[in-house]
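Trainee: Can we go through this one together? I'd like to know what stands behind each term.
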Amino acid sequence: MRRERRSVVAVDWVGPYALVRVTRGSLDRGIPGQFFMLEAPGRVLPRPMSLCLAPRGELAFLIDPIGPGTRALAELERGDELAILGPLGNGFRLDVAKPLLVGGGIGIAPLPYLSEALERPPAVLGFRSEHHAEAAALLPHAEVVIDPVLVTDALPVGRDVLACGPEPMLEAVRALAPDAQLAWEAPMACGYGACYGCVVEIDGRLERLCVEGPVLCSS
Ligand SMILES: Cc1cc2nc3c(=O)[nH]c(=O)nc-3n(C[C@H](O)[C@H](O)[C@H](O)COP(=O)(O)OP(=O)(O)OC[C@H]3O[C@@H](n4cnc5c(N)ncnc54)[C@H](O)[C@@H]3O)c2cc1C
Ligand code: FES
């Protein structure tokens, strides 16, 4: 884990999401599913973001501008600088025989990098509109469903599921695939175990999601 000031290479828009590409410097790419804390200009607390892609010399983050921090990140321009800390947390286990990637909305963010690591396995992606589904271009060959069709309507059986998306989607995936690896979210202030802001109940115990997760095995 390192903290470095990096500069923005470009911000590419993919449907309603901003793909913020920064120079990698000496930062490690980490394991798919791990995350980085990005310091948005003008915001006191950094924001956790999954690594979406790691092209040569770059790190790329797919950002849904839903609030002040994410909007400030999405409004960055080429040459702007920001501090980045990571990689953090536990990523996906890659020792799976028949992987199937499942993503919902901005939950597809860690899947392009995961797909590369697993040599492009099949994927099912769900979005709330055609505009949001433009982000599926980051994961070619994925099956795409749009509300009211849900990813769980298109889930084949007998696969090793690795999923990221909104909590109700993860709960529904867990009901169908009890051994799935699921990437969860919680508000995070530090990202490395110091603030206890991300405490969630795991197997009846209170744990810090930034340390134990964000990827948890559901069974
Ligand atoms: C490990 C991890 C990886 C993430 N990866 C990505 C990513 O790749 N791309 C991306 O766009 N977002 C990602 N997020 C979510 C992102 O960090 C939040 O959307 C962001 O921090 C919101 O900041 P804001 O200032 O824009 O909005 P805020 O004003 O802070 O929040 C806007 C709304 O979202 C809710 N919210 C904020 N953070 C979370 C959260 N973590 N979980 C649930 N609800 C939340 C708030 O309660 C509020 O209702 C990730 C979160 C985690 C924990
Ligand atoms: S975000 Fe601070 S302990 Fe997890």
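Trainee: Which residue in E9 is the bridge partner of Val124?

Mentor: Glu143 is the bridge partner of Val124. Before we go on: this is a predicted model, where local features need pLDDT of at least 70, side-chain atom pairs count only at pLDDT 80 or more, and totals for chains, interfaces and linings use all residues. Residues are numbered from 1 along each chain as its sequence is written, chains are lettered from A and ligands numbered from 1 in the order written, and side-chain values use heavy atoms, leaving out hydrogens and water.

Trainee: What makes E8 and E9 a pair?

Mentor: Two strands (DSSP runs of E, at least two residues) pair if DSSP finds at least two bridges between them. Strand E8 (residues 123-127) and E9 have four, in the parallel sense, so by that definition they pair.

Trainee: Why are E9 and E14 called edge strands?

Mentor: Strand E9 (143-146) and strand E14 (215-217) each pair on one side only. The open sheet runs E9-E8-E7-E10-E11-E14, with mixed pairing.

Trainee: Which residues of H4 are buried?

Mentor: Met169, Leu170 and Val173. Buried means under 20% relative accessible area, exposed over 50%, partly exposed in between (1.4 Å probe, protein chains only). Pro168 and Ala175 are exposed, on the face of H4 turned away from its buried side.

Trainee: What makes the buried residues one face of H4?

Mentor: Seen down the helix axis, they fall within an arc of 95 degrees (taken from the directions from axis to C-beta atoms), so they line one face. Those buried residues pack against E7, E10 and E11.

Methods: Contact means heavy atoms within 4.5 Å.
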